[in-house]
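Please view the sequence and the structure together.

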Amino acid sequence: MNIAVDPRKLPSLAFERSPGYWSTVLRRFARDPVAMTAAAVVLALILLALFGPHLTPADPYQSSMLNRLKPIGTAGFPLGTDELGRDLLSRLMVGARLSLFMGITPVLIAFVIGSAIGLLAGYVGGRVNTLIMRTIDVFYAFPSVLLAIALSGALGAGIFNSLLSLTIVFIPPIARVAESVTTQLRARDFVEAARASGAGAFTIVRVHVLGNALGPIFVYATSLIAVAMILASGLSFLGLGVKPPEPEWGLMLNTLRTAIYTQPWIAALPGVMIFITSIAFNTLSDGLRSAMDVKQ
């Protein structure tokens with residue numbers, strides 16, 4: 001899987017953002033029931049990550065071999081138990097925090113670093129643009145999954161190394177989008193007018209370019225959160241991410257894979273959570289892109 005940049009998925013940049021632009025975007029977004037549903041799911045997941053560890057019905061780390069692999073609906077275990085007899089509902093609730101952290105954090109860091117790199121390359125242009133973008137293109141020689149696995153394998157297992165690997169994977173696509181958007185904005189009339197009026201490069205970038213470029217870049221970065229969660233879960237599944245006994249959905253899939261023939265529904269529950277979260281973030285990103293599209 002490679003992270004391709006599709007220009008059609010970026011909001012149009014037909015004019016400079018007016019003061020009432022974002023209120024218009026919010027109104028358009030609020031009229032989209034699918035996007036609002038996705039936003040509600042994402043908000044529920046964030047609240048679960050924040051407060052879930054304090055609301056668990058049982059200790060997510062307490063094991064009991066007498067209660068291992070209890071089916072869904074067992075008294076005291078609404079979603080059954082895992083291979084060590086731990087309450088699966090509690091572990092899913094606690095795992096939301098770590099799973100969302102592993103999905104959002106590398107994208108957020110890559111958003112800051114990649115945006116800065118792309119803005120620099122797009123505004124300066126010339127040899128600086130060529131040097132930066134050709135370096136970025138080197139990362140596209142490797143599929144994102146293989147690059148994440150190779151970096152995690154070289155750095156070693158662990159949360160910090162996984163975050164570092166995923167951040168490196170997501171910087172190039174975000175930088176490419178930022179460079180593309182900045183290059184378009186650099187040729188706009190309002191930027192030329194600011195330059196003709198004597199405004200410095202820093203002022204032009206801060207006032208005219210940054211405010212107009214961050215929206216499309218943010219929308220694209222939002223779509224990468226689902227990819228980040230899947231990659232983080234894959235690293236944990238392979239033993240290169242979160243270490244036991246921490247509850248993380250990808251790691252839970254790995255430890256429950258031996259129960260797929262005896263309790264398939266229990267083994268599938270962490271995957272269902274990953275699927276729901278990925279769909280919610282992707283739908284939210286599509287809703288934001290449609291609301292920001294000035295051509296509609």
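Predicted model: local features only at pLDDT ≥ 70, side-chain atom pairs only at ≥ 80, totals over all residues.

**Nonpolar cores**

The largest nonpolar core has 67 residues, and the members that touch the most others are Phe170, Ile174 and Trp249. Helix α8 (residues 201-237) supplies the largest share of this core, 16 residues. Another core, of six residues, lies apart from it; Ala121, Ile132, Ile136 and Tyr140 are among them. In soluble globular proteins, nonpolar side chains tend to be buried together.

Leaving aside residues up to four places away in sequence, Trp249 is in contact with Leu45, Leu92, Gly95, Ala96, Ser99, Met229, Pro270, Met273, Ile274 and Thr277.

**Helices α6 and α8**

Helix α6 (residues 159-186) packs against α8 at an angle of about 155°, and the axes are 9 Å apart. Because this angle is over 145 degrees, α6 is roughly antiparallel to α8. The crossing of α6 past α8 is right-handed. Sorted by class, their contact contains 21 nonpolar residues, three polar residues and no charged residues.

**Backbone features**

Most residues other than glycine have a negative phi, and most peptide bonds are trans. Two places to check are tabulated here.

| Site | Feature | Value |
|---|---|---|
| Pro244 and Pro245 | cis peptide bond | omega about 5° |
| Leu69 | positive phi, not glycine | phi near 55° |

Pro245 is in the loop between α8 and α9 (249-256). Leu69 sits in the loop between α2 (33-55) and α3 (88-124). Leu69 has a relative accessible area of 16%, so it counts as buried, the cut-off being under 20%.

Note on methods: Residues numbered from 1 in each chain as written. Heavy atoms only, no water. Core = buried A, V, L, I, M, F, W, Y, C linked by side-chain atoms within 4.5 Å. Buried < 20%, exposed > 50% of the residue type's maximum accessible area, 1.4 Å probe, protein only. Helix = DSSP H or I, 4+ residues; strand = E, 2+ residues; numbered from the N terminus. Contact = heavy atoms within 4.5 Å. Axes fitted to C-alpha atoms, helices over the stretch in contact; angles between N-to-C directions. Parallel < 35°, antiparallel > 145°, perpendicular 65-115°, else oblique. Left-handed = near helix turned anticlockwise from the far one by under 90°. Nonpolar A, V, L, I, M, F, W, Y, C, P; charged D, E, K, R; others polar.
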